[in-house]
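Please examine the sequence and the three-dimensional structure shown below.

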Amino acid sequence: MLKGYIDEVFVSLQGEGIFMGTPMVFARFGGCNVGCLYCDTPRARDRTSQFIIDTGTPKAVANPVTDSALFVELKQPLEKYKYLAVTGGEPLEQPAFLHLLLERLQDVHCKVLLESSGFYPDELGEVIEYLDVVSVDLKTPSFTGKPFNADLHWRFLDKALEKAAYCKIIVMNNTTQDEIKEAAQFIAGTAPDIPLVLQPSFDETRPPSNQQILYLMETAAALSDYIEDVRVIPQLHRYMGIK
Ligand code: SF4
């Protein structure tokens with residue numbers, strides 16, 4: 001038995017990526033050391049002393065939690081919704097705990113989507129056998145403040161492609177065409193047939209503007225010369241005002 005840090009557990013519609021609109025149970029892991037300049041889940045960067053489980057009647061649970069206790073909480077909602085989204089934070093910063101949890105969940109026969117920063121290839125290798133889909137963030141320099149890490153992302157994507165995978169680039173107002181092209185050329189050179197999602201950033205008060213959506217449409221059209229499946233998908237849950 002192991003203990004891990006969780007930020008929250010809840011049920012909602014998947015609001016991002018190619019499975020947008022699918023009802024899922026979310027296990028948001030607590031803690032992330034990637035240090036992006038922009039982060040839409042800043043609370044989940046830290047490991048906290050407790051977290052909320054809201055799959056019916058909300059309740060607070062102490063951190064760190066055991067994999068067996070978390071399994072008990074996830075089992076019932078997963079028998080109903082049959083899809084687990086493991087998100088963060090960065091779940092792969094707790095690979096042994098995640099491994100044990102997913103091993104236990106084999107009995108529930110649910111699908112598992114892992115959402116990751118794409119920076120932990122070795123840790124992905126520890127859990128890939130239990131995953132159905134991997135959502136791989138490609139972090140641009142304006143997002144991280146550092147050069148695009150093609151080597152690390154390549155090793156991660158190579159491992160993710162043992163299962164189904166898609167890539168996601170979060171596009172902010174200061175993200176340049178050159179950055180998007182650099183990341184897209186990386187996909188073209190590694191896995192040109194996997195979906196690439198351009199996701200406009202969305203702060204608490206301002207959804208992406210029509211101008212930003214139009215810009216992304218034109219960008220997607222240009223990228224489609226060398227990537228088969230490029231989509232512009234904003235965050236559904238933000239529009240709906242749900243988690
Ligand atoms: S990897 Fe995700 S959780 Fe971690 S800092 Fe970056 S955006 Fe935030």
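## Strand β4 and its partners

F10 stands opposite D54 in β4. Strands β2 and β4 run parallel and are joined by three bridges; two strands are said to pair if DSSP finds at least two bridges between them. Helices (H or I, at least four residues) and strands (E, at least two) are DSSP runs, numbered from the N terminus. This is a predicted model, in which local features need pLDDT of at least 70 and side-chain atom pairs count only at pLDDT 80 or more, while totals for chains, interfaces and linings use all residues. Residues are numbered from 1 along each chain as its sequence is written.

Strand β4 also pairs with β5, in the antiparallel sense and over four bridges. Here I52 stands opposite A60 in β5, and a hairpin of four residues joins β4 to β5. The covered face of β4 holds F51 and I53, whereas the uncovered face holds Q50, I52 and D54.

## The sheet as a whole

Ten strands form an open sheet of mixed pairing, in the order β5-β4-β2-β3-β7-β8-β9-β10-β11-β12. Strands β5 (59–62) and β12 (230–232) stand at the edges with a single partner strand each, so one side of each has no neighbour in the sheet. From one strand to the next, the twist averages 20°.

Strand β8 is joined by four bridges to β7, and the two run parallel; A85 stands opposite L113 in β8. Four bridges also join β8 (residues 111–116) to β9 (residues 133–137), again in parallel, and the bridge partner of S116 in β9 is V136. Because five of the six residues of β8 are buried, this strand is largely enclosed by the rest of the structure. A residue is buried if 20 or more other C-beta atoms lie within 10 Å of its own, exposed if 12 or fewer, and partly exposed in between, with C-beta atoms placed from the backbone.

## Helices against the sheet

Helix α1 (residues 67–81) lies across β2 (6–13), β3 (23–29), β4 (50–54) and β7 (83–87), and runs at about 160° to β3. Helix α6 (residues 177–190) lies across β10 (164–171) and β11 (196–200), at about 170° to β10. Axes are lines fitted to C-alpha atoms, for helices over the stretch in contact, and angles run from 0 to 180 degrees between N-to-C directions.

In helix α2 (residues 95–105), the residues F97, L98, L100, L101, L102 and L105 are buried. The buried residues of α2 pack against β1 (3–4), α1, β7, β8 and α3 (121–127). P95 also lies in helix α2; P95 is partly exposed, with 17 other C-beta atoms within 10 Å. Leaving aside neighbours within four places in sequence, P95 is in contact with E123, E126 and V127, where contact requires C-beta atoms, placed from the backbone, within 7 Å.

## The nonpolar core

In soluble globular proteins, nonpolar side chains tend to be buried together. The largest nonpolar core here has 58 residues, of which I6, A27, L74, L84, V86, V112 and V136 touch the most other members. Such a core is a set of buried Ala, Val, Leu, Ile, Met, Phe, Trp, Tyr and Cys residues joined through C-beta atoms within 7 Å. Not counting residues up to four places away in sequence, V112 touches L84, V86, L102, Y130, L131 and D132.

## The surroundings of the ligand

Which residues surround the ligand? They are C32, V34, G35, C36, C39, T41, A44, R45, G88, G89, E90 and S117, each with a C-beta atom, placed from the backbone, within 6 Å of the molecule. This shell divides into five nonpolar, five polar and two charged residues. Ala, Val, Leu, Ile, Met, Phe, Trp, Tyr, Cys and Pro count as nonpolar, Asp, Glu, Lys and Arg as charged, and the others, Gly among them, as polar.

Most residues other than glycine have a negative phi, and most peptide bonds are trans. The peptide bond from G88 to G89 is cis, with omega near 15°, and G89 is found in the loop between β7 and α2. The bond from N63 to P64 is also cis, with omega near -5°; P64 is placed in the loop between β5 and β6 (65–66).

K82, in the loop between α1 and β7, has a positive phi near 65° although K82 is not a glycine. H109, in the loop between α2 and β8, likewise has a positive phi, of about 60°. K82 is partly exposed, with 15 other C-beta atoms within 10 Å, while H109 counts as exposed, with 9 C-beta neighbours inside 10 Å.

Note on methods:
Two residues are in contact if their C-beta atoms, placed from the backbone, lie within 7 Å.
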